Amino acid sequence: MKVLSLFDGMSCGQIALDQLGIPVETYYASEIDKYAIQVTQANYPNTIQVGDVTKLDPKNFADVDLIFFGSPCQGFSFAGKQLAFDDPRSALFFEAIRLLKAIKPKYFLAENVPGILSLGNGKVVKVIDKEFSCIGMDKGHPGYDVKRVTVIASRYGVPQNRKRVLWL
């Protein structure tokens, strides 16, 4: 499997694939934090670091099977100012959408904070759901059967009782 992880952090997607026993042929990581990159490279030296998500050319990732991402949540979190897409960090979500629309991988997984569900009286999550539902519905691609679920991380082996919203 070839993977593109956007906002890769310390490569938690790669850790999950490892723990599930899913073989990864190529793992591209888009990350700009030098410390996160150092951790990834120490644990997974074959990771191909591709840099800033805003500078990625989708043509370079045409053979990717899976895209992972959890775009920055500061604009969606109750801990932040709840500026939604007016926060430039959270607006990076649309960079992930740009890449998903162009690459059309077999699979994708997106993650974010539960505050995203009620922000703007539910308007923000409606925008996100619509973006996901429209991906791939052009040029003969059948589109994706997208599911949104809320999970509690501690039920999946994470030692924190944190909720997360996933789109699969």
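Analyst: Confidence is given as pLDDT, the predictor's confidence in each residue, from 0 to 100. In this chain the lowest confidence falls in helix H4 (residues 123-134), with a mean of 75, and the highest in S3, at 98. Helices (H or I, at least four residues) and strands (E, at least two) are DSSP runs, numbered from the N terminus. Over the chain, pLDDT averages 82, and 79% of the residues score at least 70. This is a predicted model, in which local features need pLDDT of at least 70 and side-chain atom pairs count only at pLDDT 80 or more, while totals for chains, interfaces and linings use all residues. Residues are numbered from 1 along each chain as its sequence is written, and side-chain values use heavy atoms, with hydrogens and water left out.

User: In what order do the strands of the sheet lie?

Analyst: Two strands count as paired if DSSP finds at least two bridges between them. Here seven strands form an open sheet with mixed pairing, in the order S3-S2-S1-S4-S5-S7-S6. Strand S3 (48-49) and strand S6 (148-152) are the edge strands, each pairing on one side only. Strands S1 (residues 2-6) and S2 (residues 26-30) pair in the parallel sense over five bridges, with Lys2 opposite Thr26 in S2.

User: Which helix lies across S1, S4 and S5?

Analyst: Contact means heavy atoms within 4.5 Å. Axes are lines fitted to C-alpha atoms, for helices over the stretch in contact, and angles run from 0 to 180 degrees between N-to-C directions. Helix H3 (residues 93-103) lies across S1, strand S4 (66-69) and strand S5 (107-112), and runs at about 175 degrees to S4.

User: Which residues have the most contacts inside the largest nonpolar core?

Analyst: A nonpolar core is a set of buried Ala, Val, Leu, Ile, Met, Phe, Trp, Tyr and Cys residues joined through side-chain atoms within 4.5 Å. Buried means under 20% relative accessible area, exposed over 50%, and partly exposed in between (1.4 Å probe, protein chains only). The largest core has 26 residues, and those with the most contacts inside it are Leu4, Leu6, Ile67, Phe69, Leu100, Phe132 and Trp167. S1, S4, H3, S5, H4 and S7 each supply at least two residues of this core, and the largest share, six residues, comes from H3. A second, separate core of six residues includes Val3, Tyr27, Ala29 and Phe68. Beyond its neighbours within four places in sequence, Leu6 touches residues including Ser30, Val53, Ile67 and Leu99.

User: How many salt bridges are there?

Analyst: Side chains of opposite charge can pair when their charged atoms come close. The rule requires a side-chain nitrogen of Lys or Arg within 4 Å of a carboxyl oxygen of Asp or Glu, and the count comes to six. In one of them, the closest N and O atoms of Glu25 and Lys2 are 3.7 Å apart. Glu25 lies in the loop between helix H1 (12-20) and S2, and Lys2 in strand S1, so the pair ties together parts 23 residues apart in sequence. Lys2, Glu25 and Asp63 are linked in a network of salt bridges.

User: Are Lys2 and Glu25 buried or exposed?

Analyst: Lys2 is buried, at 18% relative accessible area, whereas Glu25 is exposed, at 58%.

User: Where do Arg164 and Glu111 lie in the chain?

Analyst: The side chains of Arg164 and Glu111 meet in a salt bridge of 2.8 Å, N to O. Arg164 is in strand S7 (residues 163-167) and Glu111 in strand S5, 53 residues apart, so that pair links distant parts of the chain. Arg164 is buried at 16%, and Glu111 is partly exposed at 26%.
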